Amino acid sequence: MKFENFDFNSIYNEFEDINLISYLNKFGITDIEKFVSAKTIEDNEHYENIDKFRNVFEMFIKEKKIEKMYTLLDSDLDGYMSGSLIYLFMKEYAPNVEVIAIHHSEDNAKAHGLEDDEVMDFLRNNEPNLLWISDAGSSNVKECKELYELGYTIIISDHHNQTKVKVIDGVECNIDDYATVVNNQNGNVENKCGSGALVTWHCIDNIDTHIARTKKLVSYVMISLISDSMDMNTYENYTFSFRGKQKLHKNLIPIIAEFNYKNNQSNKDYSFGVISKCNATIRLGSIEDKENLFRLLVGEVTSDEFDSICSRMLSLHSEQSKLVKQFVENNKEDIENKSDSKGYILYKIKEKTPLTGLIGNKLLGSYGKTTFLLHEREDGEVAGSVRSNIDDLRSILNENGLFNYNEGHGNVFGTSYDISKEKEVIEYLDTFFASYKPHIRVIGTYAVNSIPSEIFELRVKLDALNACGKGLDIPQIHIKPFVVNGADFVKLTPSGTMLLLNSNDETFIFKFISKEKQKELNVGVDKKYKIEMLGEPTISEYNGANQITVNDYEVKEIGSSFDDVF
């Protein structure tokens, strides 16, 4: 986030005490013993339709004794983790049943559920059977109706907000007439923040608890929770996150070792490690690449294939990074011209791309503004992805009646409106974002020479819990403006700049990580600078020193005089 788009008045501190209990309390974790014990698993009975789901499934497996079934893999890692759960479960529960995994092609890499003509054609042209859709499908009323009428029996385990009723050919149709849907957004489920894989796990657990709880399937759920940015402050999500890392499935151990930095197990290491490589393969890979990824996840590759598939995943991830960077660089001036005076970014691209979400994340991180990355379709619909730092923007936008839909998660979702309503949509967004001010939560505001040691002690305890993620933030501190000589900046590596400062007889290391930030500083050794920053307290893995990893900052050159600083 760049500070020219940031209001320092939005920083607020609501932490009276710097200790673990107070910190967890502020994120809604009131029963500390229950949380840290990591033993919370929600009752399956809380899930609407879960017994019906089991009965339908068992009828096909035990009574009809089917020889094959289909499972549709949604186009993200949560979808692939959900599909892996189903596949591994079936190998134990009904090894004689062939599980046919259906992938979205590279041309429809961001398709969701059955909203994919190629997937529908595949199902139309094959013998109807049991179809298990996970991490998607809850709102595919039209498609489920067609497949039901063709003879398919459909069971769905999903976590997306559901539209049960849609008008088809002038008639109201309810998905419950065509499919058995288990969704944590329905019924009496307490953990509304679970992933698609967590819902799928509950369906499996309700069928056979022994397999669900003894075969280390929880590690697949753990990765899905991180990859889908689910809140980590719920007791159940933390249970699966913590236990999943304790009980890694043998299939996942070599993949994690291959991609996670030093095989580290923090949520951040998963996000930048195995998750980013898998998602790049799902977004940019061919059908063959996705089939290989799935075989990798379920442990059905040779050692030679393992090396080849991992190499291909790294190549796709590198290609993805280059494409995102290239897009931002090529469109930077145009994006800034169109959004400079606005509190948000709305930018249209000429062609649909599977990278809209990543580009949106990049723009959100660069400008600190909610980003709408859209494209116009031939039928007059404008659709695309939204990335925001407003937790429940999706629900807010759904209240005004201007959008066809906003579907997904609170601040990461797909959107659509008719081009005929674009003027009204933009007027609404202008008004909303003109009055909206971001709120950045910090645990304290300090002068650079008075950062308390308790802050670093808190970080050590949180790292021991391995709990931080969405919904349970890594602590941030606000450092008041201070002055530094250009000569005090020490270039550490090509990828970053390090600033060493003494505080209370202790050296704090301030790490400016990105190359972009290094270029922005444009440091001259004979100059002086005023710096203000937000950063994370961390402990150096090399020498145990306290350090601040800088997230956001403002640097102003002030010449050689200190008079205009304070």
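Where is Lys262 found? I started there, keeping in mind that this is a predicted model.

**Entry 1: two lysines**
I found Lys262 in the loop between α11 (253-259) and α12 (267-284). Its phi is positive, about 55°, although Lys262 is not a glycine. I then checked accessibility: Lys262 has 53%, and the cut-off for exposed is over 50%, so Lys262 counts as exposed.

Next I looked up Lys216, which sits in the loop between α8 (209-214) and α9. Lys216 is not a glycine either, yet it has a positive phi of about 60°. With a relative accessible area of 40%, Lys216 is partly exposed.

**Entry 2: α7 and α9**
I moved on to helix α7 (residues 196-207) and helix α9 (residues 218-227), whose axes come within 8 Å and cross at roughly 155°. That makes α7 roughly antiparallel to α9. On the α7 side I noted Ala197, Leu198 and Trp201 in the contact, and on the α9 side Val218, Val221 and Ser224. Sorted by class, the contact holds 5 nonpolar residues, 1 polar residue and no charged ones.

**Entry 3: Gln162**
Is Gln162 buried or exposed? I read 17% relative accessibility, so Gln162 counts as buried. Gln162 belongs to the loop between β5 (153-158) and β6 (165-168). Leaving aside neighbours within four places in sequence, I listed its contacts as Ser138, Ser139, Ile175, Val181, Asn183 and Asn186. With Asn186, the side chain of Gln162 makes a polar contact of 2.7 Å. I also looked up Asn184: from Gln162 it is 22 residues away in sequence and 9.9 Å away in space, C-alpha to C-alpha.

Technical notes. Residues numbered from 1 in each chain as written. Predicted model: local features only at pLDDT ≥ 70, side-chain atom pairs only at ≥ 80, totals over all residues. Heavy atoms only, no water. Helix = DSSP H or I, 4+ residues; strand = E, 2+ residues; numbered from the N terminus. Buried < 20%, exposed > 50% of the residue type's maximum accessible area, 1.4 Å probe, protein only. Contact = heavy atoms within 4.5 Å. Polar contact = N/O pair within 3.5 Å; in protein donor to acceptor, adjacent residues only side chain to side chain. Axes fitted to C-alpha atoms, helices over the stretch in contact; angles between N-to-C directions. Parallel < 35°, antiparallel > 145°, perpendicular 65-115°, else oblique. Nonpolar A, V, L, I, M, F, W, Y, C, P; charged D, E, K, R; others polar.
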